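Let's take a walk through this structure together.

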Amino acid sequence: MLHGTTVRSTIPHGELLSIRPAFDTAGFTIVDHRDIPGRNVVALIEDDQPCLAEREIRHAAEPIALMAHPDREKLLDARLDIEYRNRPPQLDPTASTTVFKKLSIEKGDLARGFGQADVVVEGEYRTGHQEQLYIECNGVIAVPEDGGITVYGSLQCPYYVHRALTVLLALPPEKVRVVQTETGGGFGGKEEYPSMIAGHAALLALKARRPVKIVYDRAEDMWATTKRHPSIIRHRTGVTREGRLTAMEIDVLLDGGAYVTLSPVVLSRGAIHATGPYRCENVQIRGRVVMTHSPPNGAFRGFGAPQTQFAAEVHMDRIAEELGLHPVRLREINLLRPGDTTATGQRLGRDCSAADVLREAVRRTDFRRRRRKLAGTDRGLGLALFFHGSGFTGGGELKLASKATLELTEKGVRILVASTEIGQGTRTMHAQIVADALGVPYECVEVADADTGRVPDTGPTVASRTCMIVGKILEDCAREMKSRLGGLSSAEFLARHGPLRITKQYEKPAELAWSDETYRGDAYGAYAWGCDVAEVALDRDTGEVRPTHLTAVIEVGKAIHPTFVAGQIEGGTAQGIGFALLEKVQLKDGAMANSQMTNYAAPTTLDTPPIDAVILEKPYKHGPQGAKGVGEIPIDGPAPAIVNAVRHLGIDIREIPATPEKILESGVRSLKPDGAR
Amino acid sequence: MKFHLNGRAVDVSAHPMKRLLDVLREDCGLTGTKEGCGEGECGACTVLLDGEPVNSCLVPFAQVQRGRVVTIEGLSRARRLQEAFVTEGGAQCGICTPGMILAAAALPRKASLDEIRVGLAGNLCRCTGYEGVYRAIKKAQRKSKKVGQ
């Protein structure tokens, strides 16, 4: 086995003039773009990102060449001399004129809505990059086999990698095999990026005709791979004196980085959630994601919605303040209820639970009384109400057309899906759904490895879809299998009739309709709903804000495995605390300068307060056992709840992370008497 | 070089400046010890050296001469703790889990929640928010009490 490494650009923008090895290359395998047998792209939405730069350099850390050697130490010493012609980089998204995607969501008549308003509240809110920081860095092994390639790796979406490799290597699908190995966390960070590192390892392996392993160290992983999109979001909201929203004008700008990756769909999800879970008849949401000369941003748990709902929920507290209304009251007046329509015109069903989660969170925390009690102290209390669509946005699930298979075994049944276990409990949860639908003990169900040579394309393991969408297909497979078995045990059926496999494809519920052209319709099959309450303590000398308690009430349809669901809520909440207060990506030439765990502060045990995870259930009729998605929603709420708690202290924060420096800069204005707040 | 690994005397030949983490994984074939950061921040590579939790990415092999090293593979006395990590959601993706369990095994037997938080402050988990980890440790403590340990 050879070790592989990636030679990356040290400049953010320019041209490659020459590459020369500065060492004795005997025994090394060296690859550049000329070694690519197929198309030099990382195939995804737009095929704009090269696997290895040819001439143009669009960001620092851009891959230029690859080297492999049996001795890892020798590889560390190997250097290429690279000559560049520098060009000025565009690092400011507000000044960028290269737009990756633009969209507009229109509902009602904005001018009429502002006409009905007594008060107009405006504001601009910003969120920064966030690093996924899975504890296991990106890593793959590529093995040349039978005129093709097999890649084993730490990844979320085997079929994304599979497709990217067929395009890059000009191989037929059957000559490419991708096998997910035990994966030490993903959070979106291993959604699209593994296609890049897998391509690199495959190119080296094919040229060397030997297996090649590439494992990033932490510094490379943080410097070079995708992050959460930074955002700048503007709100202009019309509201009556009583607190009814009459007009919402929202502008969403995301920094996409140097290549498109998943930016268009991150923008879609962000924009659709930009109003927060509120009813308003007159809405205009404009969204755009632009290019800058920084490493491409990509998928991270929440996928645009944490950014836009941070803005929406901080803005709601500012509106409440403006009107002299209690923040709970303002939300009670406007929250979405069954039968109401969202910004895209989606009419919500009986499982719409905004009122339920708010009521439960307020009750459990004794919010009103506690808030009054803390007024004027160095502690603050804030809340955030939020929602999160389960599954791909709009017509995405129909296009994916995911397939899942069940096959009979001597002992029971085997699940064949490309859904990956990355810590969230996929295998257990799928096996539970199948066991329950078949009426057999859990132990009779086994789950095959996510290996494209064996399992059908179940779509990616992303977008809070693995339970609600894939689980549902499996439940349908299991029901059909039960009726085919006709009361026989699996061993009896196999003995009498031979093998039995059932494959089913995603079927769109008949009532769902969506238009990609107008952004009107049912954006998601279902939404999960959440309300977070954060209590924080401020150190007035250092500006440090510490959350002291967090309550997260999340409605998930049905918790198939309550311990895992609580784990998703607790873990997502902790990541949200990091997003709010701690995790600052410092940029140098557009790329991460603090690409070490030493100086990128993710929450430790001492930064994470007690988290009270509360699960509510209102079944969704098309979910397995009524389940919706839970993977992402927990990260939407903590940042606005914490920043609203900081606002309760009298500190006006509109940009996160709210580091101590930012808190001190904002000044601690004297506390207003609590009054109606 | 001679040392005790998981209760057995071993003699391993490796460069004295090689990281203990790499010696364990590559020369001893014990891949339960994980690398998360390589700079002593995340604790994924925690092992016990003479009973104390250390980051094996920061320990040069020379330092373990005649020492006692315990990795997750050799932690037979913490079965209750390991079971509790499973049932209480103390592990999700599992990459921090070996280090987390070794750090937890080195805590005082009746550690309070505050002592647990301080004791695990060098072990980063990105999945659980630590709540499941605390539940697991508390459950293992209760079980130990019941059997009179």
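Where chain B and chain A touch, the contact draws on 29 residues from chain B and 37 residues from chain A. Keep in mind that this is a predicted model. Together the two chains bury about 2600 Å², with 53% of that on carbon and sulfur atoms. Three residues stand out on the chain B side: Arg117(B), Leu124(B) and Arg126(B) supply 29% of the area that chain B buries against chain A, more than any other three residues.

What about charges? Three salt bridges are counted between chain B and chain A. In one salt bridge, the side chain of Glu570(A) meets that of Arg135(B), at 2.9 Å from N to O. Helices H1, H4 and H5 of chain B each supply at least two residues of the side touching chain A, and H5(B) gives the most, with four residues. Here is that side of chain B sorted by class:

| Class | Residues on the chain B side |
|---|---|
| Nonpolar | twelve residues |
| Polar | seven residues |

Chain A has an open sheet of six strands in the order E7-E15-E14-E13-E8-E28, with mixed pairing. Strands E7 (99-107) and E28 (655-656) of chain A sit at the edges with a single partner strand each, so one side of each has no neighbour in the sheet. E7(A) runs antiparallel to E15(A), and eight bridges join them. Within this pair, Val99(A) stands opposite Val290(A). Lying across E7, E14 and E15 of chain A is helix H6 (residues 263-272), which runs at about 25 degrees to E7(A).

Methods
Residues numbered from 1 in each chain as written. Chains lettered and ligands numbered in written order. Predicted model: local features only at pLDDT ≥ 70, side-chain atom pairs only at ≥ 80, totals over all residues. Heavy atoms only, no water. Pairing = 2+ DSSP bridges. Contact = heavy atoms within 4.5 Å. Axes fitted to C-alpha atoms, helices over the stretch in contact; angles between N-to-C directions. Buried area = accessible area lost by both parts, 1.4 Å probe. Salt bridge = Lys/Arg side-chain N within 4 Å of Asp/Glu carboxyl O. Nonpolar A, V, L, I, M, F, W, Y, C, P; charged D, E, K, R; others polar.
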